[in-house]
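Hello,

Here is the structure we talked about handing over. Please open it first, then read my notes below.

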Amino acid sequence: MDSVLKNLVRVGRVSSINPQSATVRVVFEDRQNMVSYDLPVIVRQSLKNKDYFMPDVGEQVVCLFLPNGNAQGFCLGSFYSSVDVPSVSDSNKRHIRFADGTSLEYDRETHTLTIQAQGPLNVMAGGNVNVTGDVIADGISLKTHVHGGVQSGGSTTGKPS
């Protein structure tokens with residue numbers, strides 16, 4: 001029974017990914033570099049709401065195998081180590097950072113959602129985009145901005161109403 005339990009949970013490194021089937025192959029260095037069969041990556045939801053992510057090749061992961069052999073198992077996910085440290089250390093924050101520096105962060109203490117995009121940011125809506133509060137772009141307020149150079153007198157307009 002002990003040998004069965006030792007084979008249930010294993011730590012290895014992703015050796016290849018299959019984005020279409022959301023599976024990975026994992027190499028286990030402590031088992032003479034044995035490579036797993038394709039293992040499904042565990043996600044939060046997959047039926048009506050769908051969550052998708054793939055670990056990177058070379059990323060350290062934890063795998064769970066069924067007791068009937070090495071062919072059936074799952075990649076449970078990655079974990080932090082002394083080499084791969086968390087990008088944030090605040091229990092009030094949920095943070096995702098991508099390799100290009102783009103990040104999404106929600107701070108439940110300040111109720112602030114921050115998106116820092118390294119490229120374009122696209123918002124697509126099937127209806128209106130409603131904003132409560134002011135919209136400020138490059139320091140210019142949508143609510144309080146004025147336009148200069150009105151008519152020949154060089155005066156400015158009033159604030160939008």
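**What was found**

The largest nonpolar core has 11 residues: Val14, Val24, Val26, Phe28, Leu39, Val41, Met54, Val61, Cys63, Phe65 and Cys75. Such a core is a set of buried Ala, Val, Leu, Ile, Met, Phe, Trp, Tyr and Cys residues joined through side-chain atoms within 4.5 Å. Buried means under 20% relative accessible area, exposed over 50%, partly exposed in between (1.4 Å probe, protein chains only). β2 (23-28) and β5 (60-65) each supply at least two residues of this core. Strands (E, at least two residues) and helices (H or I, at least four) are DSSP runs, numbered from the N terminus.

This is a predicted model: local features need pLDDT of at least 70, side-chain atom pairs count only at pLDDT 80 or more, and totals for chains, interfaces and linings use all residues. Residues are numbered from 1 along each chain as its sequence is written, and side-chain values use heavy atoms, with hydrogens and water left out.

Now the overall form. The chain has one helix and 11 strands. Its radius of gyration is 25 Å, well over the 15 Å that the globule rule gives for 161 residues, so the chain is more spread out than a compact globule. That radius is taken over C-alpha atoms; the rule is 2.2 Å times the number of residues to the power 0.38. The C-alpha trace spans about 90 × 35 × 25 Å along its principal axes. Of the 161 residues, 16% count as buried.

Finally, Leu142. Leu142 sits in the segment after β11 (140-141). Leu142 is exposed, with a relative accessible area of 52%.

Best wishes
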